[in-house]
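Subject: Structure handover: cavities and aromatic contacts

Hello,

Here is the structure for your use. My notes on its cavities and aromatic contacts follow below it.

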Amino acid sequence: MSDPLSGLDEQQRQAASVLRGPVCVLAGAGSGKTRVITHRIAHGVDTGAYSPGRVMAVTFTAKAAGEMRGRLRSLGVGGVAARTFHAAALAQLNYFWPQLAGDSAPTILSGKVRVLAQAADTVGLNADPATLRDVAARIEWRKVTMRSIEDYARERPDAVGHLSLDAVVALQEAYEKLKDERRQLDFEDVLLACAGMLEAEPRVVAAVREQYRHFTVDEFQDVSPVQNRLLELWLGDRHDLCVVGDASQTVYSFAGADPRYLLDFGSRFPDARVLRLERNYRSEATVVAVANALMRGRPGALELQPQRDAPDHPRPRVTAYDDDAAEADGVAGAIAAQLAGGADPRSIAVLYRANAQSAPILAALSRRGIAASVLGGKRFFDLPEVRQAVMALRGASVAPATSDLVADVRAVLASLGLTEEPPAAGGPLRESWEARAALLRLAEEAPAGTSLRAFTDDLQARAKDQHEIPTRTVTLSTLHAAKGLEWPHVHLVGLSEGLLPISYATSFEHVDEERRLAYVGITRAAVTLSLSWARTSGRHERQVSRFVREIGTSTLDAGGARPSAGRRPPSAGSRSGSRPSPAR
């Protein structure tokens, strides 16, 4: 093995050299945290401080764990347990359960909604899929924050859709009973059951602590109470722990993530070494300036130090458009110009807050012959609510209809659950509403005289086009799905009040989470960054996002309003381009 510390900068080398915990590495965006984690482990193995089989490196996604194992192999280190929290907990359950209970461990549910629907039947409740998904999200929150159903009822006493609090409680109780009868665990139960096993069985916890002596936890800002409890049980009274994270990238508080475990690490472990990685190798200096301006003064924010500075690159630009259609058209035109200039389509991403925002952008790109793919989850036209709505609209189109397309579409969507006002909170119910509202906006933007049949034909054609997407595509992604990724060219759209921050973010804490989402989006950009917003939704006036105002004109070029009508640029084909290789 070559020297694992070679090639690291001064800050990275310092973090990778401290082999005994407790250690807290505050790692800014693009600072090379995965590089530091893997080189630190390799250095520990190289010096004899670690035995690979006694090291556990924990992260939050299977993809990240796989990347960590790959990097360790390239450094000549094998045998390290690089896993997600869930994978590590499940492995321990499967190993020890037969010894304790004399039979195999319970099976793991692939999802909650189907079992929730069956549980609803047992207690005489009628709930649509979106409501069941919302209840599932609340079950997940309850479990990762280690709350009982009674605790949940006290702390979140609101209804879910048309289900009262009592109905939600009854549904959760029926769900748990049904799982128990079938000897099944859901995703969060795996963590709870493993923690319970370690707490109740001294010989089990002793065996685990004997096996694993050195712990590393990536993305520590995203740790939930149940994950932190599991980590405490793995550690016992030992302190050989290294945590790495960035409080400015905490964007899963709704799912139980608590950045205080990262920010208060020095208080919990008074003898901890707290180190900082602030050199950003990913983004041009102009992009880093925008990120720093947005987060300056926020708790735990790092001041990124750009290591790339091309003086000829323009400052990130913010452009105001008349409406959503104009914004989509303008962004598509800018992407066409980038492709015509030689950019690889894979180097370009369009990021947004909510899935429903993808529809007009996909349509605008399609008009120019630009292929695009939606990252993670289902494409817009594959969403259950959208498929249901398209089928209903298609059915309505064969019956006598009025000459008012918008009124006809609104009536059909209203029968499926579209209301004048959106649900008060986020989650699947709001996402379903947004998806149906996006279809209504498409009707509002259709050419005058479009019939309902022609409109539904167009919807089906768009859906078909999106199923036939080549590999070399522009990426469309929500900000949540984009976390941990990067592109040379990023277009961050929808920077208006009500979209980013989202309308239901009304408390200080929720707005701060939206700010961190914007920060994640900005720091995905390596070379160019474009910000945009629309002055109206077609029916309601909007204001530019407070985040744009906070960033200020000193770091942004401000464009004027762009009208929705005008000559479209010609279609642009895919051209090859180079992707920078930041030191990560």
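**Cavities**

The largest cavity holds about 50 Å³ of space. Please keep in mind that this is a predicted model.

Around the largest cavity, the lining consists of Asp-324, Ala-359, Pro-360, Ala-438, Arg-441, Leu-442 and Glu-445. Two elements, α16 (358-367) and α19 (428-445), each contribute at least two of the lining residues. The largest share is that of α19, with 4 residues. By class, this lining has 4 nonpolar and 3 charged residues, and no polar ones.

The second largest cavity contains about 40 Å³ of space. Its lining is made up of Arg-40, Ile-41, Tyr-50, Val-55, His-214, Phe-215, Thr-216 and Asp-240. Here the elements that give two or more residues are α2 (33-46) and β6 (214-217). Strand β6 provides the largest share, 3 residues. The classes in this lining are 4 nonpolar, 2 polar and 2 charged.

**Aromatic contacts**

How many aromatic pairs does a search of the whole structure find? The count is 7. One of the pairs is Phe-85 with Trp-234, which is stacked, with 6.0 Å centre to centre and 5 degrees between the planes. Phe-85 belongs to helix α4 (residues 85-101) and Trp-234 to helix α11 (residues 225-235), so this pair ties together parts that lie 149 residues apart in sequence. Both of these residues, Phe-85 and Trp-234, are buried.

Another pair, Phe-265 with Phe-269, is tilted: the centres are 4.7 Å apart and the planes make an angle of 35 degrees. Phe-265 and Phe-269 are buried as well.

Ring pairs also join Phe-60, Phe-85, Phe-215 and Trp-234 into a cluster. Two of these names have come up already in the stacked pair, Phe-85 and Trp-234.

**Charge over a ring**

One further contact involves a charged side chain. Arg-156 lies over the face of Trp-141, at 4.8 Å from the ring centre.

Regards

Technical notes. Residues are numbered from 1 along each chain as its sequence is written. This is a predicted model: local features need pLDDT of at least 70, side-chain atom pairs count only at pLDDT 80 or more; totals for chains, interfaces and linings use all residues. Side-chain values use heavy atoms; hydrogens and water are left out. On a 1 Å grid over the protein atoms alone, a cavity is a set of points where a 1.4 Å probe fits but cannot get out, and a pocket is an open set with protein on both sides within 12 Å along at least five of seven lines; lining residues have an atom within 4 Å of a point. Grid points are joined across faces, edges and corners, and a volume is the space filled by probe spheres set on the points. Ala, Val, Leu, Ile, Met, Phe, Trp, Tyr, Cys and Pro count as nonpolar, Asp, Glu, Lys and Arg as charged, and the others, Gly among them, as polar. Rings of Phe, Tyr and Trp (its six-membered ring) pair if their centres lie within 6.5 Å; planes under 30 degrees apart count as stacked, over 60 as edge-to-face and the rest as tilted. Buried means under 20% relative accessible area, exposed over 50%, partly exposed in between (1.4 Å probe, protein chains only). A charge sits over a ring if NZ of Lys or CZ of Arg is within 6 Å of the ring centre and within 35 degrees of the ring normal.
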